[in-house]
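Biologist: Please take me through the terms used for this structure. I would like each label set against its cut-off.

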Amino acid sequence: MATLAVEHHPLAQSVSFDTDSLIVELVDGRTISVPLTWFPSLSNATESQLKDWEILGDGEGIHWPQLDEDLSVNGILVGNHGRR
């Protein structure tokens, strides 16, 4: 039986949104979806502001320059609703 290794240090590859969720695709193939309401600055942002994101480091975090918002991928995974 083959076992797929799960990345111990999850890294973001891309970010998208739907009406209610922040969706982060990881380099290991997983997708994380969390409620936008966890992050007030994101839930109150315009579509243009949400689409203006950049990957931090090798994928450890996500930054929204227009909002001055940083989130760590690990923090999203463990349910940390605070800033990075």
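Modeller: Start with aromatic pairs: rings of Phe, Tyr and Trp, the last by its six-membered ring, pair if their centres lie within 6.5 Å. In this predicted model, a search of the whole structure finds two such pairs.

Biologist: What makes the pair of Trp38 and Phe39 edge-to-face?

Modeller: The ring centres of Trp38 and Phe39 are 6.3 Å apart, and the limit for a pair is 6.5 Å. Their planes stand at 70°, and planes over 60 degrees apart count as edge-to-face. The pair is therefore edge-to-face.

Biologist: Why is Phe39 called buried, and why is Trp38 called partly exposed?

Modeller: Buried means under 20% relative accessible area, exposed means over 50%, and partly exposed is in between. Phe39 has 1%, so Phe39 is buried. Trp38 has 25%, so Trp38 is partly exposed.

Biologist: How do you know that Leu11 counts as buried?

Modeller: The relative accessibility of Leu11 is 19%, and the cut-off is under 20%, so Leu11 counts as buried. Leu11 lies in the segment before S1. Not counting residues up to four places away in sequence, Leu11 touches Glu25, Leu26, Val27, Asp58, Gly59 and Glu60. Its C-alpha atom is separated by 9.2 Å from that of Ser72, 61 residues apart along the chain.

Biologist: What makes strand S2 largely enclosed by the rest of the structure?

Modeller: Strand S2 covers residues 21-26, and five of these six residues are buried, so the strand is largely enclosed. Ser21, found in S2, is buried with a relative accessible area of 14%. Leaving aside neighbours within four places in sequence, the contacts of Ser21 are Ser16, Ser33, Val34, Pro35 and Leu36.

Biologist: How do you know that S1 and S2 pair?

Modeller: Pairing needs at least two bridges. S1 (residues 12-17) and S2 have five bridges, in the antiparallel sense. Ser16 stands opposite Ile23 in S2. The two strands form a hairpin with three residues between them.

Biologist: How many bridges join S2 to S3?

Modeller: Five bridges join S2 to S3 (residues 31-35), and the strands run antiparallel. Leu22 stands opposite Val34 in S3. The hairpin of S2 and S3 has four residues between the strands, and in this hairpin Gly29 takes a positive phi near 100°.

Biologist: What is the order of strands in the open sheet of three strands?

Modeller: The order is S4-S5-S6, with antiparallel pairing.

Biologist: Why are S4 and S6 called edge strands?

Modeller: S4 (54-56) and S6 (69-72) each pair on one side only. From one strand to the next, the twist averages 25°. S4 and S5 pair over three bridges, where at least two are needed.

Biologist: Why is His63 called buried, and what does the side chain of His63 reach?

Modeller: His63 has a relative accessible area of 14%, and the cut-off is under 20%, so His63 is buried. Its side chain reaches the backbone oxygen of Glu69 at 3.4 Å, and the limit for a polar contact is 3.5 Å. His63 is found in S5 (residues 61-64) and is the bridge partner of Glu54. Leaving aside neighbours within four places in sequence, His63 is in contact with residues including Asp52, Trp53, Leu56 and Asp70.

Technical notes:
Residues are numbered from 1 along each chain as its sequence is written. This is a predicted model: local features need pLDDT of at least 70, side-chain atom pairs count only at pLDDT 80 or more; totals for chains, interfaces and linings use all residues. Side-chain values use heavy atoms; hydrogens and water are left out. Buried means under 20% relative accessible area, exposed over 50%, partly exposed in between (1.4 Å probe, protein chains only). A polar contact is a pair of N or O atoms within 3.5 Å; within protein, one must be able to donate a hydrogen and the other to accept it, and residues adjacent in sequence count only if both atoms are side-chain atoms. Contact means heavy atoms within 4.5 Å. Rings of Phe, Tyr and Trp (its six-membered ring) pair if their centres lie within 6.5 Å; planes under 30 degrees apart count as stacked, over 60 as edge-to-face and the rest as tilted. Axes are lines fitted to C-alpha atoms, for helices over the stretch in contact, and angles run from 0 to 180 degrees between N-to-C directions.
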